[in-house]
Amino acid sequence: MKFTVEKEMENGRGRVGKIETPHGIIETPAFIVVGTKATVKGLSPEQVASLGAEAILANTYHLYLEPGEEIMKKAGGLHKFMNWHGPTFTDSGGFQAFSLGAAFNNKASKIADRTQEVDETQTSHEALAKVDEEGVTFKSIIDGSSHRFTPERSMEIQHAIDADIIFAFDECTSPHASYEYQKEAMARTHRWAERSLDHHKKVGPKDQALFGIVQGGRHQDLRKESAEIIGKMDFDGFGIGGSFDKEDIYTAVGWVNDILPKGKPRHLLGIGEPEDLFGGIENGVDTFDCVAPTRIARNGSLYTRKGKINILNAKYREDVGKIDPLCKCSTCRDYTPAYLAHLFRAKEMQAGTLASIHNLYFIVNLVKEIRGSMLDGTFYEFKERFLKEYTGEGE
RNA sequence: GCGCCGUUCGGAUAGCGGCUAUUCCAGGAGACUGUAAAUCUCCGGCCCUUUGGGCAUCGCUGGUUCGAGUCCAGCACGGCGCA
């Protein structure tokens, strides 16, 4: 993998560049489409490519459980398996340790977490994962069987899946966890990063790039410390992890990116909605991934230049106009709101597909437009104009 | 004509004497940020000074009872059976 910065913004953070992978080039900043289980839900790889997406991010945890690393290997890796010929990423599975309950299974975080009512009985059911120094023990969401991930195992599985860019095994904490716990988890993530790197160098394919992940929650000192430590390690690029409160995203990203080496790409994990993209890019993020466009699409929400709409609202049943008059995606070109409203109400599979095409096109091409505005020096004008219209302010 | 059964929110249902009438679908709205999500949450008779309170309501009419969607009688409508 090779990363080149083509142009820097005057603020010293934002940049335009490109990531060259064995399966093609990603022009950054770019939105990476999420395809957790080796599929972008509801879409064929041809559809994903035709809406302009350059790369897909799959998930180690899910592909490990199903179909399993042996089959991934036998199939010739992710690209062949899912028939996607462009660049790919895999997330390490660390996020699942958080989302499947480890974060709430820890006393420190539970005590500190006064913003959420913790139902003990419910928590014990939901806590499917437990973290210790060596790794994470978890129960399969599919059949309840027990499994264990360590940084070394995550690397091995990611080697078998064989994406172009893989991530170190990390622990993602709740933003509401205590400072002490976040610090502890961060330190552990650093040790796991070292182990991920060592193991990858020892046994990994040479053409596979490994990104280290910066943690530290919303605390400035922790974020900076994490960026210092991870940034000095010999990773090919970096992920900025965490489960963010919306307001914290850009500040945390800014702290981190002032420290991370400029010559390597930075991926902001799990962000964003349209309004999140500008702040991330401005603060030096090169790539994003986010489930939002496809998930909300399947649930009937569509992005438009004037904000999100819910196509299931009564008014769209007989709206034979345009979903978003400015959108050039195939869904907007060929179908009306009334048709999508009908498909959703009739629970037809095409509903999720057409909506996903639209939302992904919207996000992927919004980032491309932002890239263009950076190249011709109109980023701030474009940002202001877009956000004003999108959030409905000043109308 | 006789007998049996049924009639509960737009549809389908639960409810078998005790006080907020159940659930599902349809309907209205909202949420969703490294995907346990084509998922989840809320609303749904009327009225009010909306924290909460008041008045209704289970085909219709009457009755029994402290109390009836629930029991009884008559009527109406529907289904099945027999003429």
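Q: Two residues are in contact if their C-beta atoms, placed from the backbone, lie within 7 Å. In this predicted model, which elements do the buried residues of α12 pack against?
A: Helix α12 covers residues 274-282, and eight of its nine residues are buried, so the helix is largely enclosed by the rest of the structure. Its buried residues include Leu 277, Phe 278 and Ile 281. The elements they pack against are α11 (248-257), β13 (266-268), β14, α16 and α17 (379-391).

Q: Which residue with a positive phi follows α12?
A: Helix α12 ends at residue 282. The phi of the residue in question is near 100°. The residue is Gly 284.

Q: What is the radius of gyration of chain A?
A: Chain A contains 17 helices and 16 strands. For 395 residues the globule rule gives 21 Å, and the value for chain A is close to that, so the chain is as compact as a globular protein of its length. Along the principal axes, its C-alpha atoms fill a box of roughly 60 × 50 × 50 Å. The radius of gyration is 21 Å.

Q: What percentage of the contacts in chain A between residues at least 6 apart in sequence join residues at least 24 apart?
A: Burial gives some background: 48% of the 395 residues of chain A count as buried. The contacts in question are those between residues at least 6 apart in sequence. Of these, the share that joins residues at least 24 apart is 70%.

Q: Which residues come nearest to RNA strand B?
A: There are 47 residues around RNA strand B. The elements that each supply at least two residues of this surface include β5 (56-59), α5 (94-99) and α13 (292-298). The residues that come nearest are Cys 172, Gly 270, Thr 294, Asn 299 and Ala 314.

Q: How many residues of the surface near RNA strand B are charged?
A: The residues of this surface are divided into nonpolar, polar and charged. There are 18 nonpolar and 18 polar residues. The charged residues number 11.

Q: What angle does the direction of α16 make with that of β2?
A: The strands β1, β2 and β3 form an open sheet in that order, with antiparallel pairing. At its edges stand β1 (2-8) and β3 (24-28), each with a single partner strand, so one side of each is left without a neighbour in the sheet. Neighbouring strands are turned by 15° against each other on average, direction ignored. Helix α16 packs on this sheet, touching β1, β2 and β3, and its direction makes with that of β2 an angle of about 125°.

Q: Which residue in β3 is the bridge partner of Glu 20?
A: Strand β2 covers residues 15-21 and runs antiparallel to β3. Five bridges join the two strands. The bridge partner of Glu 20 in β3 is Ile 25.

Q: By how many degrees are neighbouring strands turned on average, direction ignored, in the sheet β7-β8-β9?
A: This open sheet has three strands in the order β7-β8-β9, paired antiparallel. The edge strands β7 (129-131) and β9 (146-149) each pair on one side only. Neighbouring strands are turned against each other, on average and with direction ignored, by 20°.

Q: Which residue in β9 is the bridge partner of Thr 137?
A: Strand β8, residues 136-139, runs antiparallel to β9. Four bridges join the two. The partner of Thr 137 is Arg 148.

Q: Where is Pro 29 found?
A: Most peptide bonds are trans. The bond from Thr 28 to Pro 29 is cis, with omega near 0°. Pro 29 is found in the loop between β3 and β4 (30-34).

Q: Is Asp 162 buried or exposed?
A: Asp 162 is found in the loop between α8 (151-161) and β10 (165-167). Its phi is near 70°, a positive value in a residue other than glycine. A residue needs 20 or more other C-beta atoms within 10 Å to count as buried. Asp 162 has 22 C-beta neighbours inside 10 Å, so it counts as buried.

Q: Is Lys 347 buried or exposed?
A: Lys 347 is found in the loop between α15 (337-345) and α16. It is not a glycine, although its phi is positive, about 55°. Lys 347 has 8, so it is exposed.

Notes. Residues numbered from 1 in each chain as written. Chains lettered and ligands numbered in written order. Predicted model: local features only at pLDDT ≥ 70, side-chain atom pairs only at ≥ 80, totals over all residues. Rg over C-alpha atoms; globule rule 2.2 N^0.38 Å. Buried ≥ 20, exposed ≤ 12 C-beta atoms within 10 Å, placed from the backbone. Near = placed C-beta within 6 Å. Nonpolar A, V, L, I, M, F, W, Y, C, P; charged D, E, K, R; others polar. Pairing = 2+ DSSP bridges. Axes fitted to C-alpha atoms, helices over the stretch in contact; angles between N-to-C directions.
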